Amino acid sequence: LGQVLLDTTNTYCDEDGDSAGSNIDNLNALEKCPDGTTTRTVVKSECAGDLSNADESDDGETDKIEERSFYLTSSYPSIKRIRIELDYVDETVEIFASEFVEAIHDSDSTEGDVKLILDPTDCEKQVVLDELFINQGEPEGGVKLQLYEDPNYDIVYQVDEFGNRETDENGDAIILQEPTPIYSYTGTARPARKVEL
């Protein structure tokens, strides 16, 4: 089996952005992206700052994160992750892709009404944790973010209450769901690489 992996992530235009964390004062101090840059829309208002300030001294993450992706096809115009798997034995090629690197459930997400935040910032993660803590009555054990796996890219594993992967009697991680490729092809035979396992 051969694999080719490509991914890209959003980034702060200001070089100090990665060290800003979730502190709103640090975020306010960051420089905005240059005009013409495609920027990420802030999902949690607490991270957007107070945009009523005319001098933009309290603008949080607004217009400060460059949205990065790459074009695959008209059906998949903004991909963040792609994995191409080549199976020399079966002579198949499968392409898996995702429009995000990481996704979390928002604090008001329910099974019937799933609300996701794609590629959340540290600030947004902290806001969701704060909201969950309050919504759940300030539990002693704290709260944790609920990650979302992309069915077109990620393998979904069985995990315990702490988020650790559970294993079977052979010590292998238990897989609940394999990803569905967005494209599958029959490859060109390469006899020199075809080794039965």
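1. Start with the largest nonpolar core: 10 residues, namely Tyr12, Ala20, Leu27, Leu30, Val42, Cys47, Ala48, Ile65, Cys123 and Val127. Two elements, α2 (45–48) and α3 (122–135), each give it two or more residues. A core here is a set of buried Ala, Val, Leu, Ile, Met, Phe, Trp, Tyr and Cys residues joined through side-chain atoms within 4.5 Å, and helices are DSSP runs (H or I, at least four residues), numbered from the N terminus. Another core, of 5 residues, lies apart from it, with Ile79, Ile95, Ala97 and Ile182 among them.

2. Before going on, a word on the source: this is a predicted model, where local features need pLDDT of at least 70, side-chain atom pairs count only at pLDDT 80 or more, and totals for chains, interfaces and linings use all residues. Numbering runs from 1 along each chain as its sequence is written, and side-chain values use heavy atoms, with hydrogens and water left out.

3. Have a look at Leu27. Leaving aside residues up to four places away in sequence, Leu27 touches Tyr12, Ala20, Gly21, Ser22, Gly60, Glu61, Lys64 and Cys123 (contact means heavy atoms within 4.5 Å).

4. Asn28 sits in helix α1 (residues 24–28). Asn28 counts as buried because its relative accessible area is 15%; the cut-offs are under 20% for buried, over 50% for exposed and partly exposed in between (1.4 Å probe, protein chains only). A polar atom of the Asn28 side chain lies 2.7 Å from the backbone nitrogen of Gly60.

5. Gly36, in the loop between α1 and α2, is exposed, at 83% relative accessibility. Its C-alpha atom is 30 Å from that of Val128, 92 residues apart along the chain.

Conventions. A polar contact is a pair of N or O atoms within 3.5 Å; within protein, one must be able to donate a hydrogen and the other to accept it, and residues adjacent in sequence count only if both atoms are side-chain atoms.
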